[in-house]
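Please read it alongside the sequence and the model shown here.

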Amino acid sequence: MARAPFEIAGIEVQPGTRQTIEVQVAKLYTHTPLHIPVEIVHGRRDGPVLMVCGAIHGDEINGVEIVRRVLINTALRNLRGTLVAVPIVNIFGFVQRTRYLPDRRDLNRCFPGSESGSLGGRIAYLLRTQIMEHVTHIIDLHTGAIHRFNLPQIRAELKSPETARMAEAFAAPIIINAGLREGSLRAYADSQNIPVITYEGGEALRFDEVVIASGVKGVMRVMRELKMTPAKKSVKPPRKRSEVAASSQWVRADIDGIMRPVAKLGQKIRKGQKLAMVADPFGASETAIISPCSGIVICVNNLPLVNEGEAIYHIARFDELGEAEKAMDYFRDSMESEVSEAVLPVHPWDELQKQ
Ligand SMILES: [Zn+2]
């Protein structure tokens, strides 16, 4: 029996075809309708319906590029099931290059939303009734906030076996067993028993090739794990891919000043190790920021101007730090051959740093 068409926003997408659909979510006060563009790749054969979405925080743009590269992947030709690709969820924020909506609300705190609520509430409501209601699995793509660079990592509630399976298949070096934040897309999906993982990598308003390439690989790996695309014949010996963090901790600046980072993203840190130096502009006083725990650096602040109390480094703790280090080594090795040669270094000294 032929597979039924996929219906969304009153449009039917036939099996074996793909289509870009504009889902109307709101009206601007110019009276112009506002749409979220969605691409549906509807396979000929039955299977999971996977939503991959980016830029629910409008300035987190790595995910937009990840979705684009997934959509041009040739493995989609033989898709089993359906891919629902939503590169830009927060259209307002994306246009304005900001995390938030015009009323300064965070769309990722507006779920489940309501038909007659604030703009964020209405977008959340339409997103879940028009799109999320049709899907069986979700990958939500994020980056660090502005000036904060996240190590590629998966955040997921691992108590659901299907979510844990997706998290593991994605194979980011670090998995954080992260609680659900009220109002987030992830919390809503989880409440509806839709397995959902969040990929975090890079920083807002910047592209990072390693983060993007590893995100694309991760999404394709999840699709293979869910049998949406054919399995890869691999003869490579299994190596340590991901390590689940036991917990994580933000390290804050204990004085105001100008910061020089010492510790790098992905680096193994021992308790008591120096993470950064903070000095006043005259050089009269200088204080080290010391790590309160051992772990792996999973986020760094790239802005050297810090106020007392500001979060500077995010450290993930592990029961077996050595295993986490192995996962980081594997990640570095595997990404070396993945990063496209066509990507030219922005700065002439990028090449220098590699040596
Ligand atoms: Zn985000």
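The side chains of D46 and R3 form a salt bridge, with N and O 2.9 Å apart. The model is predicted. It holds 16 salt bridges and zero disulfides.

**The D46–R3 pair**

- D46 counts as exposed because its relative accessibility is 58%, and the cut-off for exposed is over 50%.
- R3 counts as buried because its relative accessibility is 13%, and the cut-off for buried is under 20%.

**The E60–R99 pair**

- A salt bridge joins E60 and R99, whose closest N and O atoms are 3.2 Å apart.
- This pair also links distant parts of the chain: E60 belongs to the loop between β5 and α1 (62-71), and R99 to the loop between α2 (91-96) and α3 (119-131). The two residues are 39 residues apart.
- E60 and R99 are both buried.

**The E325–K268 pair**

- E325 and K268 meet through their side chains in a salt bridge, at 3.3 Å from N to O.
- Because E325 lies in helix α7 (residues 321-336) and K268 in strand β14 (residues 268-269), the pair ties together parts that are 57 residues apart in sequence.
- E325 has a relative accessible area of 29% and is therefore partly exposed.
- K268 has a relative accessible area of 27%, so K268 is partly exposed.

**A salt-bridge network**

- Salt bridges link E65, R68, R69 and E209 in a network.
- In general, side chains of opposite charge can pair when their charged atoms come close.

**Cysteines**

- A search of the whole structure gives zero disulfides. C293 is in none, and the nearest cysteine sulfur, that of C299, is 14 Å away.
- Is C293 buried or exposed? C293 has a relative accessible area of 4%, so C293 is buried.
- C299 is buried because its relative accessible area is 1%.

Terms used
Residues numbered from 1 in each chain as written. Predicted model: local features only at pLDDT ≥ 70, side-chain atom pairs only at ≥ 80, totals over all residues. Heavy atoms only, no water. Salt bridge = Lys/Arg side-chain N within 4 Å of Asp/Glu carboxyl O. Buried < 20%, exposed > 50% of the residue type's maximum accessible area, 1.4 Å probe, protein only. Helix = DSSP H or I, 4+ residues; strand = E, 2+ residues; numbered from the N terminus. Disulfide = S-S within 2.5 Å.
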